[in-house]
Amino acid sequence: MKTSPLEKSGLISWSISLLLASGVLAQVPDAPAPAPAPAPAAAPAAGGGAAAGGGAKNGGSFLGKDVPSFDPGTEIMTWDGKNWNVNNNRIFQARFEKYLNAPEETTLTDRAYQTVINAILNNLASGNATTQNIDNAFRLLTQGSRFDIDAHLCDSVADAVYSAWRSQNAQNRLASANESLEVESKQQYWNAQHVSAGDNAREADSTQQSGRSTKGGGGNTKAPSQTTAYEDTMRMTEHTKRIAEIEAQIKANQVKRELNSIQSKVEFQALILQFFLQRRFQHVLIASRFYRAVFNDGDTKLNVGKDTKDLFEKSSGMPPTVGTLDSMANEALRDVREGVQAYQFLLSKQELESATKRLGEAFIEGEFVPEIRTLPREQKRQALEFTHKTNQLISAIDVKDYTLAEQLVNDLGKIAKDFDNSKPMGIIETSKQISDMHLAKARNAALKGDDATLQTELTAATELWPRNPALAELSKKIFTQGDVQQKAVIDFEQLLSQKNYRQIFDDRARFIGALAFYPDKAAKLKEVLDNVQTIEVALMRADEMVRQNNYPGAWESVEKIAQQFPDDTKLSKTRADLTPHAADFVRTLQDAQDMEKRDQIGSSLAYYLKARKMYPASDFAGDGVNRLVKKIVPDS
């Protein structure tokens, strides 16, 4: 489906905002520190050009290695070397579904908030921006920030405006200081001229007196006082020095005024850019109109680096100015309104696929635009149903559950007249046909007894369509009619892995015949049967001793074999049953073993002898006595 020119304009506006994010924020110049006493020619260098250029060269990209770009025709976003469909992105889906489930913002509180925002915009409109209206708009910012939906963005605007006003007050104070310095400079110039005039007058008087003295025939004359001339020179030097200091101070104040102006503009512009990237277009309009009202010098150029400037101009076809952001915000608001109107119209025509796409595009571009926030939840829920079913269809195709996928395609065709089922149905039908072909080959292989082909074809059919009903039916028949011998082999391997030797011994008649053609498995079976037979002999011997009331002997017979086969359940149960009947013997024997471990030879020997007295034929007691005797008398 082709994208209309109006939709493209809105999506390109949103794309431009992402483009700005990669360069503008990274290149907004920091506040340049004022030099101690810069020359007048250094003032322009403190502006945004040099600082922004340095930021562009050293700062790097803010959001990735390359700038993001959006293709509205394919709905593909390219960013940092990665591509994804904006409508199928997991983050977008989660945020979009949260919006679709949220109630419409049409409460009295929401209406009151929009009333405040509209009042601010009206007061700041080009024909209404009087001093009184600007002050009224500034006061309304405090009211707007009290609403939860505002997220205190109005406070941010108020702070920026207040900071700009403070900066301008500082500039006015610097201007007043310069006026005072100019007055003082003029006074110093007058004083210097007065001192110079006095020197000239005294020099003329001295010349006249010298001439009269010469004409009079050499009468006594008196030269001007050297002290008076020296004092005049000193006063002239002080006035000249003070004039130089005053001029330097005036230049420094001029530089400070320029720096304050640049700093306040940069901070204000950064806030407008932030609102634009957050898609808070109403706040972009508010901030840009406050910007024009506060900075009425007509300079609205954004202080960005050359790379960002070129990128901005190539993307939007306009120079990077506050007015550009203002116009793009207005265009975005208009495009979102049109997107919502298109969604409602398509919804009435039951063209839910196109309607959901249009709403998703409008949501991406202007999530916080009033028309988006006030859309009724019942209307949004229809898009939510379509979104859920399409996501479920994608998941069903991913896991190859084509039965469910076909059902979802039919459901989507019922609720959305414009749903294109050609692609999913093509995948479903092709996979079903190929799976049935593999099953047919598997049936032929089963009839011929070709186990290798049978396994290969069943595996291929399972990979294509795991939940194919025909696959389950065929597998059931194969297992039901399977070879008894193969079933016995499988059971033997399973019991062997579980160490269930007793069950193997009980079913030994079935396993002996089935494993005759498998030498390795037959050897394992023989080992299992021999071990269990040894256990059975020990149990029979213990039963005989029990009949003779020889419980210590019975217990010892079982204990010996239990040390070799601790996992046999029957052996463990018999051992547990005999232990209480031979408790004294078992306790004495355990005490002897414990003392032997602690190297208490005498006490251990005494207990071993006591145990042998209880059961003279005890191998445990006899072996213990022999070990201890060798320790006591090594040469015995």
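Student: Where is D148 found?
Tutor: D148 is found in the loop between α5 and α6. Helices here are DSSP runs of H or I, at least four residues, and strands are E runs of at least two, numbered from the N terminus.

Student: Is D148 buried or exposed?
Tutor: D148 counts as exposed, at 75% relative accessibility. Buried means under 20% relative accessible area, exposed means over 50%, and partly exposed is in between (1.4 Å probe, protein chains only).

Student: How far apart are D148 and Y113?
Tutor: In sequence, D148 and Y113 are 35 residues apart. In space they are 9.4 Å apart, C-alpha to C-alpha.

Student: Before we go on, what kind of model is this?
Tutor: This is a predicted model: local features need pLDDT of at least 70, side-chain atom pairs count only at pLDDT 80 or more, and totals for chains, interfaces and linings use all residues. Residues are numbered from 1 along each chain as its sequence is written, and side-chain values use heavy atoms, with hydrogens and water left out.

Student: What pLDDT does the chain average?
Tutor: The chain averages 75, and 66% of the residues score at least 70. pLDDT is the predictor's confidence in each residue, from 0 to 100.

Student: Where is the pLDDT below 50?
Tutor: Residues 1–67 are one such stretch. Beyond near neighbours in sequence, this stretch has 121 contacts in the model. Contact means heavy atoms within 4.5 Å. Residues 216–223 are also below 50, and that stretch has 5 contacts beyond near neighbours in sequence. Where pLDDT is low, the predicted coordinates should not be read in detail.

Student: Next, E556. Buried or exposed?
Tutor: E556 counts as buried, at 2% relative accessibility. E556 is in helix α22.

Student: What is E556 in contact with?
Tutor: Leaving aside neighbours within four places in sequence, E556 contacts F585, Y615, A617, S618, D619 and F620.

Student: New topic: helix packing. At what angle do α10 and α13 pack?
Tutor: α10 (residues 322–348) and α13 (residues 377–398) pack at about 70°, with their axes 11 Å apart. Axes are lines fitted to C-alpha atoms, for helices over the stretch in contact, and angles run from 0 to 180 degrees between N-to-C directions. The two helices, α10 and α13, are therefore roughly perpendicular, a label for angles of 65 to 115 degrees.

Student: Which residues meet there?
Tutor: Y343, Q344 and L347 in α10 meet Q379, K380, Q382 and A383 in α13.

Student: Last one: which residues of α16 are buried?
Tutor: They are L454, E457, L458, A460 and A461. Seen down the axis of α16, the buried residues fall within an arc of 160°, so they line one face of the helix. The arc is that of the directions from the helix axis to the C-beta atoms.

Student: And which exposed residues are on the face turned away?
Tutor: That face of α16 carries D451, A452, Q455 and E463.

Terms used
Angles under 35 degrees count as roughly parallel, over 145 as roughly antiparallel, 65 to 115 as roughly perpendicular and the rest as oblique.
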